[in-house]
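I opened the model today and kept short notes.

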Amino acid sequence: MSSFNVILATSGRDTLQRMIDSIAYQLTDKDYLTILWDCPPRGIAVDSPCTVISIKNAHPLGAWGHGSRTRWQSMLPGDYHLNADDDDIYTPNAMADIREHCVGDALYIFQMLYCGSPLPLKHELQLGNIGTPCGVYKPYNLPEWPLKHGGDFEFYNELAKYRSVEWIDKIIYRVRGLQYMILKMGNYPTIIQTHGLSMHPMPS
């Protein structure tokens, strides 16, 4: 059985434990959960037989965790790597779907639920069509994660130069931190649901 390493970059958000809880029970004693701390580590609970690897950066590397991933990815174990952020969650069947499909050397692109819609929407490596948690891959010929918005797209686009790409239309991940955007319209603060059109007034 192949081993999988879930690489979780964190800035210490309060949602970190929720993310860990969503994936830990899906991991086996052959798997790894790597936590890359871009902040002082704090207490967490991992209810799983997997091996937990905890790494603290000497100084914050920022850039949505891209700096941490670039710094450590080539040193991390696991037959396959996948990446997560600390404010989202995995779906209950994520690892079962990943184990079913990840059996070769391809770059496997799964879907994430983003603002109520699955991404990728089409089988193309394009900016805005793919996110950090979508890819599962064997850790060889790893490029750097560019330290900018869209760096995840550029990482996977570069990775695809060294392997085939297989598109798996199954949602394994839910982006939770962007359900709402706070906008300022004049002097009247409003929350707008990004997956709908309802607007909810807030007190000034």
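How much accessible surface does the chain have, and what share of it belongs to carbon and sulfur atoms? I got about 10100 Å², with 54% belonging to carbon and sulfur atoms. The areas come from the Shrake-Rupley method with a 1.4 Å probe, and for residues only the protein chains shown count as cover.

Notes on the source. This is a predicted model, where local features need pLDDT of at least 70, side-chain atom pairs count only at pLDDT 80 or more, and totals for chains, interfaces and linings use all residues. Residues are numbered from 1 along each chain as its sequence is written, and side-chain values use heavy atoms, without hydrogens and water.

Whole chain. I counted four helices and 12 strands (DSSP runs, H or I of at least four residues for helices, E of at least two for strands, numbered from the N terminus). Of the 204 residues, 46% are buried (under 20% relative accessible area; exposed is over 50%, partly exposed in between; 1.4 Å probe, protein chains only). I then looked at contacts (heavy atoms within 4.5 Å). Among those with a separation of 6 or more, 63% join residues 24 or more positions apart.

Helix H1, residues 16–24. I found Leu16, Met19, Ile20, Ser22, Ile23 and Ala24 buried. Their cover includes strands E1 (4–10), E2 (32–37) and E9 (165–174), as well as helix H3 (94–101).

Asp47. I placed Asp47 in the loop between E2 and strand E3 (51–56). Asp47 counts as exposed because its relative accessibility is 68%. Leaving out residues up to four places away in sequence, Asp47 touches Ala24 and Tyr25. I also checked Ile23: its C-alpha atom lies 9.6 Å from that of Asp47, 24 residues apart along the chain.
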